[in-house]
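Visitor: Could you give me a close look at a single part of this one? I'd like one connected walk through it, cut-offs included.

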Amino acid sequence: MTPNLHIVEHPLILHKLTLMRDKETSTSKFRALLEEIAMLMGYEVTRDLPTEMVEIETPLARTRAPMVAGKKVVVVSVLRAGTGMLDGILKVLPAARVGHIGLYRDPKTLQPIEYYFKVPAQMDTRQVILVDPMLATGNSIVAAVTRIKQTGAKHIKFVCLLAAPEGIRTLSAAHPDVAIYTPAVDERLDDHGYIVPGLGDAGDRLFGTK
Ligand code: URA
């Protein structure tokens with residue numbers, strides 16, 4: 001088994017994921033469910049954030065209490081479907097910084113090509129949470145992590161909604177230091193790289209483009 005794989009089998013997340021898989025689920029419902037699951041996954045993925053004790057004054061007394069320490073977390077969304085997870089994660093991390101990475105697959109070489117990249121400064125001191133709903137072949141996530149590491153980032157976690165065994169293998173072979181958080185691992189990929197049984201094309205279902 002992959003040591004860095006965290007399967008988040010919370011009943012609320014699994015229930016919402018089943019609704020998302022259903023082909024009859026509308027675009028607006030799909031969007032709302034993705035945001036809700038991302039928020040719940042955000043809670044899980046931030047479980048080990050470091051804290052520090054700070055001095056505060058309650059209405060009754062001075063005391064010391066814990067707060068999250070260190071530079072602000074950065075949530076990096078893989079365009080375009082990662083956008084659907086941003087608002088949910090930002091509900092639990094409202095002060096987080098946000099980065100975006102855009103990749104497309106070259107039709108000849110089938111390799112991911114970067115067309116957009118914007119992240120905050122001082123990435124070397126930040127915890128990075130990379131979000132993309134579907135970990136299918138894993139090729140674009142490997143490329144996204146490689147690009148993020150070029151900024152000096154050392155602490156990267158990847159959060160998705162659904163993973164295929166092939167994608168988990170590819171990502172953990174290329175970046176064994178990156179923890180993967182997913183609610184479910186499906187059976188396989190089909191000949192077009194879609195996760196089976198999956199939920200179809202996450203971007204199309206999220207934006208109603210099909
Ligand atoms: N991307 C998707 O949106 N769906 C899949 O099943 C695989 C990749």
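**A strand and its surroundings**

Guide: Let's take strand 4 (residues 74-79), which pairs with strand 5 (residues 97-105) in the parallel sense over six bridges. Here strands are DSSP runs of E of at least two residues, helices are runs of H or I of at least four, and both are numbered from the N terminus; two strands pair if DSSP finds at least two bridges between them. Bear in mind that this is a predicted model, where local features need pLDDT of at least 70 and side-chain atom pairs count only at pLDDT 80 or more, while totals for chains, interfaces and linings use all residues. Residues are numbered from 1 along each chain as its sequence is written, and side-chain values use heavy atoms, with hydrogens and water left out.

Across from V74 you'll find R97 of strand 5. Strand 4 also pairs with strand 7, again in the parallel sense, over four bridges, and there V76 has L130 as its bridge partner. Five of the six residues of strand 4 are buried, so the strand is mostly covered (buried means under 20% relative accessible area, exposed over 50%, partly exposed in between, with a 1.4 Å probe and protein chains only).

Now hop to I129: leaving aside neighbours within four places in sequence, its contacts (heavy atoms within 4.5 Å) include V73, V74, V75, V76 and V159. I129 is also among the residues with the most contacts inside the largest nonpolar core, which has 36 residues. Such a core is a set of buried Ala, Val, Leu, Ile, Met, Phe, Trp, Tyr and Cys residues joined through side-chain atoms within 4.5 Å. Helix 2 gives the most to this core, seven residues. V74, though, belongs to a second, separate core of 25 residues.
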